[in-house]
Amino acid sequence: MAKTLTAAVHGERSDLGIALLRTMIRIRVLEEGIEKHFLAGDIPGFAHLSIGQEAVAAGTCAKLRTDDAIASTHRGHGHTLAKGTSMRGMVAELFARATGICKGKGGSMHIADFSVGMLGANGVVAGGFGLVAGAALSAVQRKTDQVAVCFFGDGATNRGPFHENLNLCAVWNLPAIFVLENNRYASTTSTAETMKIDDVAIRAAGYGMPSAIVDGFDAFAVYDAIGEATARARSGGGPTFVECKTYRARGHYIGDPERYREKREIEDVMTASDPIVRMQATLGDALDAGEFEALWTQAREEFADAVAFARSSPSPERDEAFFGAYVGDRSAGDPVHAVESRERDAFMPFAPNLGHGSQGSGH
Amino acid sequence: MSRTITFTEATLEAMREEMRRDPTVFLMGEDIAKQGGIFGQFRGLPQEFGFDRVRDTPISEAALVGAGVGAALTGCRPVVDMHFADFITCAMDEVVNQAAKLRYMFGEQCIVPMTLRAPDGITKSAGSQHSQALEGWFVHTPGLEVVIPADAEDAKGLLKAAIRSDNPTLYFEHKMLFPQKGPVPDDDDFVVPIGKAKTMRDGEDVAIVTYGITVGRAIEAATLLEAEGIRATVINLRTVWPLDYDAIADAVARTHRVVVAHEAVRVGGVGAEIASFIGEHCFDELDAPVLRLGAAHVPVPFAPVLQEAMYPRAAMIADAARRLVRRDV
Amino acid sequence: MPVEIVMPKLGLTMVSGTIARWIKAPGETVREGEPLVEVSTDKIAYEVESPANGTFARSLGKDGDEFACGDVIGYIALAGEAETGGPGPATASPAPFVEVPRERAAANGTAAASATANGARIISSPAARRLARQLGVALSDVRGTGPRGRITMADVHEVRHSGPAHIAPGDVPAASVTLPPRLPAARRAIYRKMTEVGRLPLAQVETVARVDAVHALMQRRGDFGWTAFAVRAVARLLRDHSDLRTDATTGAPFDRIDIGVAADTPHGLIVPVVRDAERRSLAETQLEIVRLAALARDGAIGADDVGGACFSISNVGPQGVERVSPLPDPPQTAILGIGAATLRPAVETPATERLGGDFAVTSSAPSIVAAWMLTCVVSFDHRFIDGAPAARFLADFARACADPGVLL
Ligand SMILES: Cc1ncc(C[n+]2csc(CCOP(=O)(O)OP(=O)(O)O)c2C)c(N)n1
Ligand SMILES: [Mg+2]
């Protein structure tokens, strides 16, 4: 499915290409920066990187409006950034700061930004299908032309919610778009071991849903396929399934020993298909070396600024832990506990290690 | 005689011994065979027993548990790994409406000797969807057994007991316990009986009734208290259903003051059952209210400072016990 | 609601009291704390104070009537209430559907004990309530130290050790002692008690008794030990040495010769009592001590077996120590401490005479012999007991050791 390089592009198409490239570079810089800071101990918890898959996030979100919805996965940094979330808000969240987009309560795996229609990363594989079906249903109920996009991995297509929600969206003609990032692996398990088909897209046929299979390293190709899908959805034509053939160039999570594949495999794929290199080549003369460098420089500055912002932000107040599970009185969460915890501090003779200030290494 | 091994090794020994002993025992789960499990808890098993008895599966929790139930009904003793306990939610029908109920509904024609292994609990910033302790739901579901090891000895003995049990048994293993070391008896046939608690420490001033990872925290608390002249009993329940009510009543009768602690959410948790049992059946033994410690009634937050504030650690347990003994409550 | 006037429980062994005299007459205005009625037991007379401001509305008994402890003996009507307050034919309110028989209310310890004299509900832990029932302690006699004054087991135990708060000996009420915060629960009662005892003017007399004869007897019979011997000897001597059994709460001697025996138990120091020690043989005394020790060790000792002693004995012999100077256990005013009987060098003076013979046997010179000896100490509250009577008592005890035959 690897395509030969497309010819250089011109005019509007080149402007779009540069925009896609900018997004992909920003994602790459963000992901590499997260990797570095995770290993340095600045970021607790788990983190899954999308290096190699940037074209899917960039190509898809470039076609969406801010009021369209997306649901993401555990591997969601790229989707979030591409949908319009600020790098500051994201990095502060990953650094577990009070200024994070989720106040430090979500972290990498549960990041969301409702101001840009980003309904959340998800710690549960296939957790997004229902949310997207519902968002699409909501657009119908409210009679808007919004669309809802679900990002998901190949692994997620073996879970029940995939099947139930594809069927539902198809039979109700909902404005949903299912964007599969088929990166050949689900954690340590290759797709070949968990399904007997090469193209997951054929499953869509089983539900009567149109599908496309695209080169997931080519942001233009993704953009075009999503263009068709959004047009169909906004005009009442129902859902579309878009399978993007792509590859995860890093471990499943940061720190993955990756015993399940050869290093060579990664090098081969990235040499042939790195979506950023690909786009630069496609743009040809439309983008000179200096402009290309400038994109990197801007992205790095943006990331450095985000890290500085996160670093200068406070950790959440400890009692914030007890609030926010319910609407209304903020203390409705667990008032007893909050009060007790405050009292406890008063006579606890030994300081419990609450990690104030230092964020610990986290894994 | 005993050896000191990690919790992980203890579970591996249990799996090896039971798989050798009974050819109908097999294991399935996501990323367990080739990779050896996220915590290394399956390492080496496929090499000994083959990839048919140690199966990697698609991400299909409902199918896994459903198939586990089916296999159990028809002569196998499957062990199904849930990857993270949180994902049992993806197979709730299979656990709650199928596994738990079939034997009863079908007039005892069948057994469901399935073991669900579910790594649970709060780890460093794993966040809301990878940190839960959900045993309360299953204690509330008639038909299931729920065991929760606290150390390497329990890990081995309870896993063997779970596999041998003819009932569907949930085995919640705390993620933070895997690397911890502890003594395990040499005996090949060492089994920890389901439904029996263990007294980890004896003291007459206060009893800490707990299970799972919180047992270690309670022992730490008891050590802190000892330095202050307060002697605490620590009861490791080992099984949370069926509960060892006798052991609980004994501890209450000896100490008259009780702290019940677990990492699961306090509201509606197993501790509530224990506290109300004490209230109903040990009323005259109580010299102070039963204090219950559990996680706050909020999802587990990501930021370390928030996470550490919301579940009972040794200092909080010691504190509760101290308040009881000093008659502050 | 009229406020109940209740027959108080003034000691561990008190089960009932007699109305000696109503100080106020029905209809009279009373202030809280004002003497209202005098009650008496075989041991003491006591003025019951009014539990409230109001009018003495009604008495349920006349002078000389006996009531169980905790029973209502009258009512105080609060301002604005009918002065005939309280249930019964004299009230204007309709008769209750069910009349609670007085016996039942009295038999039900919890009910009787769960309100203070002024009618307020007593807060106590369930276990404390049960313990109080077992020990025969009225909760109204116990000062709660838990939150909101809740009575805990330790508080009940403390009353058992020190007696009800309002008849505590000395000038210092038990309540005013501040406990060190980390003090183990088991030590609290003793801490309070010893703080009080420390303020008493205590004096001691000491002697070393020759006990060869007791030792030989013990070897021969094998059915008694040193504690039993001491209890038996002391019981016999106290009949005459009445000073040594003075009750600090009354200033007069205790009537009954009940002897406390300090016991070291896993729950701390407990002092079970050998009742009517005077009337028990040496072997019976031994059996009783063994029974009490077992109960004390198991924490199963009941109300009948503690409290109310007139004198105590502390024996550190089992620990192999030769001497102890114990502290009296108020309201007792004296205690005997004995150590281990050991072989020690003794100087024997020539015996010039032997009783019963018709000729004197004379030996040559004083000699040093190995003899069984016992160090004995009597500690006493000098406010009630002088040195000379204490010394006389001790000398008599030493004599009994030398010639136990008189006890048997
Ligand atoms: C319901 C559920 N089961 C298992 C997991 C553990 N898990 C997290 S990511 C992952 C692999 C997901 O593979 P895929 O859907 O292909 O996404 P990718 O990681 O390749 O982006 C697994 C098994 C989970 N998070 N949720
Ligand atoms: Mg994948």
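**Ligand 1 and its surroundings**

One of the oxygen atoms of ligand 1 sits 2.8 Å from a polar backbone atom of A:Tyr185, a polar contact (a pair of N or O atoms within 3.5 Å; within protein, one must be able to donate a hydrogen and the other to accept it, and residues adjacent in sequence count only if both atoms are side-chain atoms). Keep in mind that this is a predicted model, where local features need pLDDT of at least 70, side-chain atom pairs count only at pLDDT 80 or more, and totals for chains, interfaces and linings use all residues. Residues are numbered from 1 along each chain as its sequence is written, chains are lettered from A and ligands numbered from 1 in the order in which they are written, and side-chain values use heavy atoms, with hydrogens and water left out.

**Around ligand 1**

- Ligand 1 lies between chains A and B.
- In total, 23 residues surround ligand 1, and the closest are A:His74, A:Arg75, A:Gly123, A:Gly155 and B:Glu61; a residue is near if one of its heavy atoms lies within 4 Å.
- Sort that shell by class and you get eight nonpolar, nine polar and six charged residues. Here Ala, Val, Leu, Ile, Met, Phe, Trp, Tyr, Cys and Pro count as nonpolar, Asp, Glu, Lys and Arg as charged, and the others, Gly among them, as polar.
- A:His74 puts a polar side-chain atom 2.7 Å from an oxygen atom of ligand 1.
- From chain B, an N or O atom in the side chain of B:Glu30 is 3.5 Å from a nitrogen atom of ligand 1.
- On its own, ligand 1 has 580 Å² of accessible area, and the protein covers 96% of that (Shrake-Rupley method with a 1.4 Å probe; for residues, only the protein chains shown count as cover).

**Cysteines**

- A:Cys61 counts as buried because its relative accessibility is 6% (buried means under 20% relative accessible area, exposed over 50%, partly exposed in between; 1.4 Å probe, protein chains only).
- B:Cys110 is buried too, at 12% relative accessible area.

**B:Ile213**

- B:Ile213 lies in helix H8 (residues 213-226) of chain B; helices are DSSP runs of H or I, at least four residues, and strands are runs of E, at least two, numbered from the N terminus.
- With a relative accessible area of 9%, B:Ile213 is buried.
- Leaving out residues up to four places away in sequence, B:Ile213 touches B:Pro149, B:His174, B:Met176, B:Leu177 and B:Glu263 (contact means heavy atoms within 4.5 Å).
- B:Pro149 is 64 residues from B:Ile213 along the chain, yet their C-alpha atoms are separated by 7.7 Å.

**Chain C**

- Chain C has nine helices and 17 strands.
- Of its 408 residues, 47% count as buried.
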